[in-house]
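Please look over the sequence and the model shown here, and then follow the headings below.

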Amino acid sequence: MRERILDRVDRFDAVYSRFRPDSLVSQIAAAPGGGRFVFPDDAIDLFDLYDQLAHLTGGAMDPLVGRDLELLGYDPAYSLTPVPHTDRAAHADARPAWHRDVERHGAMLRTRRPLVIDVGAAGKGYLVDLVSALLQDAGVTRFVVDASGDLRHGGEHPIRIGLEHPTEPGRVIGVANVADAALCASAITRRAWGPRLHHVLDARTGAPVHDTVATWVVAERTDVADALATALFLTPAHRLADSFSFACVRMLADGRTDTFGGFDGTLFAADPT
(Lines give C-alpha, C1' and ligand atoms only; values in the text may rest on other atoms or scores of the structure.)
Protein backbone atom coordinates (compact mmCIF):
# COMPACT_ATOMS: atom_id res chain seq x y z
CA MET A 1 0.00 0.00 0.00
CA ARG A 2 2.83 2.41 0.83
CA GLU A 3 4.29 1.98 -2.68
CA ARG A 4 0.88 2.53 -4.29
CA ILE A 5 0.36 5.73 -2.34
CA LEU A 6 3.83 7.08 -3.14
CA ASP A 7 3.34 6.27 -6.80
CA ARG A 8 -0.02 8.06 -6.85
CA VAL A 9 1.50 11.13 -5.21
CA ASP A 10 4.35 11.18 -7.73
CA ARG A 11 1.98 10.87 -10.69
CA PHE A 12 -0.13 13.71 -9.35
CA ASP A 13 2.97 15.87 -8.88
CA ALA A 14 4.13 15.10 -12.42
CA VAL A 15 0.90 16.59 -13.77
CA TYR A 16 0.16 19.57 -11.53
CA SER A 17 3.40 20.85 -9.99
CA ARG A 18 4.49 24.20 -11.37
CA PHE A 19 7.80 23.68 -9.55
CA ARG A 20 8.77 20.71 -11.77
CA PRO A 21 10.07 21.58 -15.25
CA ASP A 22 8.82 18.23 -16.59
CA SER A 23 5.23 18.56 -15.33
CA LEU A 24 2.24 19.00 -17.62
CA VAL A 25 1.42 22.44 -16.21
CA SER A 26 5.04 23.50 -16.85
CA GLN A 27 4.60 22.41 -20.47
CA ILE A 28 1.52 24.63 -20.70
CA ALA A 29 3.46 27.54 -19.22
CA ALA A 30 6.23 27.07 -21.79
CA ALA A 31 4.07 26.68 -24.91
CA PRO A 32 4.57 29.92 -26.92
CA GLY A 33 1.37 29.67 -28.92
CA GLY A 34 -0.60 27.53 -26.54
CA GLY A 35 -1.86 24.12 -27.54
CA ARG A 36 -4.01 21.14 -26.69
CA PHE A 37 -3.23 19.42 -23.40
CA VAL A 38 -4.86 16.26 -22.07
CA PHE A 39 -4.99 15.73 -18.31
CA PRO A 40 -5.88 12.48 -16.54
CA ASP A 41 -9.59 11.73 -16.39
CA ASP A 42 -9.64 12.37 -12.64
CA ALA A 43 -8.82 16.02 -13.37
CA ILE A 44 -12.42 16.58 -14.44
CA ASP A 45 -13.72 16.87 -10.88
CA LEU A 46 -10.89 19.25 -9.95
CA PHE A 47 -11.55 21.49 -12.94
CA ASP A 48 -15.30 21.38 -12.29
CA LEU A 49 -14.62 22.64 -8.78
CA TYR A 50 -12.54 25.53 -10.11
CA ASP A 51 -15.28 26.34 -12.62
CA GLN A 52 -17.75 26.67 -9.73
CA LEU A 53 -15.53 28.76 -7.51
CA ALA A 54 -14.32 31.06 -10.25
CA HIS A 55 -17.99 31.83 -10.86
CA LEU A 56 -19.02 32.13 -7.20
CA THR A 57 -16.13 34.46 -6.35
CA GLY A 58 -16.57 36.64 -9.42
CA GLY A 59 -13.19 35.55 -10.75
CA ALA A 60 -11.28 36.23 -7.53
CA MET A 61 -10.34 32.54 -7.27
CA ASP A 62 -8.76 31.39 -10.52
CA PRO A 63 -6.20 28.65 -11.27
CA LEU A 64 -4.46 30.99 -13.72
CA VAL A 65 -3.15 33.02 -10.78
CA GLY A 66 0.17 31.21 -11.11
CA ARG A 67 1.95 33.93 -13.08
CA ASP A 68 1.01 36.54 -10.47
CA LEU A 69 2.51 34.31 -7.77
CA GLU A 70 5.71 34.03 -9.81
CA LEU A 71 5.95 37.78 -10.31
CA LEU A 72 5.63 38.29 -6.56
CA GLY A 73 8.53 35.89 -5.94
CA TYR A 74 6.75 32.58 -5.35
CA ASP A 75 8.32 31.06 -8.44
CA PRO A 76 9.82 27.63 -9.27
CA ALA A 77 13.23 28.85 -8.07
CA TYR A 78 11.75 30.16 -4.80
CA SER A 79 13.44 33.50 -5.44
CA LEU A 80 10.99 35.16 -2.98
CA THR A 81 11.85 38.44 -4.66
CA PRO A 82 9.13 40.38 -6.51
CA VAL A 83 9.93 41.56 -10.01
CA PRO A 84 9.88 45.32 -10.69
CA HIS A 85 6.50 47.00 -10.56
CA THR A 86 6.68 47.80 -14.29
CA ASP A 87 6.81 44.08 -15.14
CA ARG A 88 3.83 43.35 -12.88
CA ALA A 89 1.92 46.25 -14.45
CA ALA A 90 2.59 44.87 -17.92
CA HIS A 91 1.18 41.49 -16.88
CA ALA A 92 -1.86 43.17 -15.33
CA ASP A 93 -2.75 44.63 -18.71
CA ALA A 94 -3.06 41.12 -20.15
CA ARG A 95 -3.95 39.11 -17.03
CA PRO A 96 -5.61 35.84 -18.09
CA ALA A 97 -8.84 34.41 -16.72
CA TRP A 98 -9.89 30.76 -16.52
CA HIS A 99 -13.28 31.34 -18.15
CA ARG A 100 -11.84 33.39 -21.00
CA ASP A 101 -8.38 32.03 -21.81
CA VAL A 102 -8.92 28.29 -21.43
CA GLU A 103 -11.20 26.17 -23.59
CA ARG A 104 -12.05 23.04 -21.63
CA HIS A 105 -13.67 19.81 -22.74
CA GLY A 106 -13.65 17.40 -19.83
CA ALA A 107 -9.99 16.71 -19.02
CA MET A 108 -8.69 18.44 -22.15
CA LEU A 109 -7.55 22.05 -22.06
CA ARG A 110 -6.87 24.18 -25.12
CA THR A 111 -4.85 27.38 -24.74
CA ARG A 112 -3.73 30.13 -27.09
CA ARG A 113 -0.71 31.43 -25.17
CA PRO A 114 1.53 30.43 -22.25
CA LEU A 115 -0.49 30.16 -19.04
CA VAL A 116 0.72 29.34 -15.54
CA ILE A 117 -1.81 27.06 -13.86
CA ASP A 118 -1.65 26.84 -10.06
CA VAL A 119 -4.06 24.42 -8.41
CA GLY A 120 -2.70 25.07 -4.93
CA ALA A 121 -6.07 26.26 -3.63
CA ALA A 122 -7.65 22.82 -4.07
CA GLY A 123 -5.01 20.46 -5.44
CA LYS A 124 -3.56 19.16 -2.19
CA GLY A 125 -7.02 18.44 -0.84
CA TYR A 126 -7.84 16.67 -4.09
CA LEU A 127 -4.73 14.52 -3.69
CA VAL A 128 -5.77 13.67 -0.12
CA ASP A 129 -9.09 12.43 -1.51
CA LEU A 130 -7.26 10.29 -4.07
CA VAL A 131 -5.09 8.74 -1.35
CA SER A 132 -8.15 8.21 0.86
CA ALA A 133 -9.85 6.38 -2.01
CA LEU A 134 -6.86 4.06 -2.33
CA LEU A 135 -7.15 3.20 1.36
CA GLN A 136 -10.89 2.63 1.14
CA ASP A 137 -10.51 0.47 -1.97
CA ALA A 138 -8.04 -1.65 0.00
CA GLY A 139 -10.62 -2.14 2.76
CA VAL A 140 -9.15 0.34 5.23
CA THR A 141 -12.08 1.97 7.06
CA ARG A 142 -10.29 3.80 9.88
CA PHE A 143 -7.57 6.23 8.84
CA VAL A 144 -6.27 9.78 8.90
CA VAL A 145 -4.55 11.25 5.87
CA ASP A 146 -2.71 14.36 7.06
CA ALA A 147 -1.18 16.55 4.35
CA SER A 148 -0.14 19.42 6.63
CA GLY A 149 -3.17 21.66 6.78
CA ASP A 150 -5.39 19.37 4.72
CA LEU A 151 -6.71 16.35 6.60
CA ARG A 152 -9.19 13.56 5.87
CA HIS A 153 -10.53 11.30 8.61
CA GLY A 154 -12.13 7.96 7.91
CA GLY A 155 -14.20 6.19 10.55
CA GLU A 156 -17.20 6.61 12.81
CA HIS A 157 -15.48 7.82 15.95
CA PRO A 158 -14.67 11.56 15.87
CA ILE A 159 -11.24 12.99 16.49
CA ARG A 160 -10.47 16.38 18.03
CA ILE A 161 -8.22 18.67 16.02
CA GLY A 162 -6.69 21.88 17.32
CA LEU A 163 -7.06 25.02 15.20
CA GLU A 164 -3.57 26.47 15.25
CA HIS A 165 -3.24 30.20 15.81
CA PRO A 166 -1.96 31.72 12.54
CA THR A 167 0.70 33.91 14.16
CA GLU A 168 1.53 31.89 17.29
CA PRO A 169 2.59 28.33 16.42
CA GLY A 170 1.94 25.98 19.30
CA ARG A 171 -1.17 27.83 20.41
CA VAL A 172 -4.68 26.91 19.28
CA ILE A 173 -7.74 29.14 19.06
CA GLY A 174 -10.14 26.24 19.38
CA VAL A 175 -10.86 22.59 18.66
CA ALA A 176 -12.88 20.97 15.88
CA ASN A 177 -14.61 17.59 16.15
CA VAL A 178 -14.25 15.71 12.87
CA ALA A 179 -15.77 12.32 12.02
CA ASP A 180 -15.50 10.72 8.57
CA ALA A 181 -14.92 14.12 7.00
CA ALA A 182 -12.19 16.56 5.99
CA LEU A 183 -10.74 19.55 7.77
CA CYS A 184 -8.61 22.03 5.83
CA ALA A 185 -6.93 25.21 6.99
CA SER A 186 -5.35 28.18 5.27
CA ALA A 187 -3.50 31.19 6.64
CA ILE A 188 -1.73 34.12 5.06
CA THR A 189 1.14 33.66 7.54
CA ARG A 190 2.12 30.17 6.41
CA ARG A 191 3.62 30.96 3.00
CA ALA A 192 4.70 34.54 3.48
CA TRP A 193 8.03 35.94 2.34
CA GLY A 194 7.93 39.68 2.88
CA PRO A 195 5.82 42.56 4.16
CA ARG A 196 2.25 41.95 2.93
CA LEU A 197 3.50 39.22 0.57
CA HIS A 198 1.87 35.80 0.81
CA HIS A 199 0.27 33.11 -1.33
CA VAL A 200 -3.45 34.00 -1.09
CA LEU A 201 -4.15 36.35 -3.99
CA ASP A 202 -7.21 37.93 -5.50
CA ALA A 203 -6.84 36.70 -9.07
CA ARG A 204 -8.60 39.77 -10.45
CA THR A 205 -5.85 42.06 -9.18
CA GLY A 206 -2.92 39.71 -8.60
CA ALA A 207 -2.51 41.20 -5.11
CA PRO A 208 -2.44 39.42 -1.74
CA VAL A 209 -5.56 39.78 0.42
CA HIS A 210 -5.41 41.03 4.01
CA ASP A 211 -8.87 41.34 5.60
CA THR A 212 -8.85 37.69 6.71
CA VAL A 213 -5.79 35.96 8.17
CA ALA A 214 -6.91 32.33 8.63
CA THR A 215 -9.74 29.94 7.77
CA TRP A 216 -10.72 26.38 8.73
CA VAL A 217 -13.33 24.41 6.78
CA VAL A 218 -15.00 21.06 7.49
CA ALA A 219 -16.65 19.29 4.55
CA GLU A 220 -17.24 15.77 3.31
CA ARG A 221 -14.67 16.06 0.51
CA THR A 222 -11.14 17.28 1.14
CA ASP A 223 -10.86 19.08 -2.18
CA VAL A 224 -14.00 21.07 -1.34
CA ALA A 225 -12.76 21.89 2.17
CA ASP A 226 -9.37 22.93 0.75
CA ALA A 227 -10.88 25.09 -1.97
CA LEU A 228 -13.37 26.78 0.36
CA ALA A 229 -10.60 27.52 2.85
CA THR A 230 -9.16 29.78 0.13
CA ALA A 231 -12.48 31.04 -1.22
CA LEU A 232 -13.41 32.38 2.23
CA PHE A 233 -10.58 34.91 1.96
CA LEU A 234 -12.29 36.23 -1.16
CA THR A 235 -16.04 35.98 -0.60
CA PRO A 236 -18.48 35.61 2.33
CA ALA A 237 -19.51 32.13 3.45
CA HIS A 238 -23.19 32.66 2.65
CA ARG A 239 -22.37 33.09 -1.05
CA LEU A 240 -20.89 29.59 -1.09
CA ALA A 241 -23.55 27.87 1.02
CA ASP A 242 -26.07 27.29 -1.80
CA SER A 243 -23.47 25.28 -3.73
CA PHE A 244 -21.56 23.49 -0.96
CA SER A 245 -22.31 21.87 2.39
CA PHE A 246 -19.66 22.94 4.91
CA ALA A 247 -18.92 24.48 8.27
CA CYS A 248 -16.14 26.94 8.89
CA VAL A 249 -14.23 29.20 11.24
CA ARG A 250 -12.64 32.42 10.07
CA MET A 251 -10.17 34.72 11.82
CA LEU A 252 -10.19 38.35 10.73
CA ALA A 253 -7.21 40.69 10.63
CA ASP A 254 -8.32 42.36 13.88
CA GLY A 255 -8.29 39.01 15.72
CA ARG A 256 -12.05 38.46 15.80
CA THR A 257 -13.38 35.04 14.83
CA ASP A 258 -16.68 33.93 13.38
CA THR A 259 -18.26 30.59 12.48
CA PHE A 260 -20.70 29.41 9.86
CA GLY A 261 -22.67 26.27 9.04
CA GLY A 262 -23.06 24.69 12.44
CA PHE A 263 -19.38 24.32 13.29
CA ASP A 264 -18.92 21.31 15.60
CA GLY A 265 -16.26 22.34 18.05
CA THR A 266 -15.18 24.91 20.58
CA LEU A 267 -13.55 28.30 20.14
CA PHE A 268 -11.56 29.59 23.09
CA ALA A 269 -12.03 33.08 24.46
CA ALA A 270 -9.42 35.60 23.36
CA ASP A 271 -6.80 36.66 25.87
CA PRO A 272 -7.82 39.80 27.76
CA THR A 273 -6.15 42.99 26.61
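## Strand pairing around β3

Two strands are taken to pair if DSSP finds at least two bridges between them. The model described here is a predicted one, and in it strand β1 (residues 35-38) runs antiparallel to strand β3 (residues 108-111), with four bridges joining the two. Within this pairing, Phe37 stands opposite Leu109 in β3.

Strand β3 is also joined to strand β2 (residues 102-105) by four bridges, and these two strands run antiparallel; here Val102 has Thr111 in β3 as its bridge partner. Strands β2 and β3 form a hairpin that leaves two residues between them, and Gly106, which lies in the turn, has a positive phi of about 65°.

## The six-stranded sheet

An open sheet is formed by six strands, which follow the order β4-β5-β8-β13-β14-β15 and pair in the antiparallel sense. Its edge strands are β4 (143-146) and β15 (257-260), each of which pairs on one side only. On average, and with direction ignored, neighbouring strands of this sheet are turned by 10° against each other.

Inside the order given above, strand β5 (residues 150-154) is paired with strand β8 (residues 182-187) through three bridges, again in the antiparallel sense. For Arg152, the bridge partner in β8 is Ala182.

Terms used
Residues are numbered from 1 along each chain as its sequence is written. This is a predicted model: local features need pLDDT of at least 70, side-chain atom pairs count only at pLDDT 80 or more; totals for chains, interfaces and linings use all residues. Side-chain values use heavy atoms; hydrogens and water are left out. Axes are lines fitted to C-alpha atoms, for helices over the stretch in contact, and angles run from 0 to 180 degrees between N-to-C directions.
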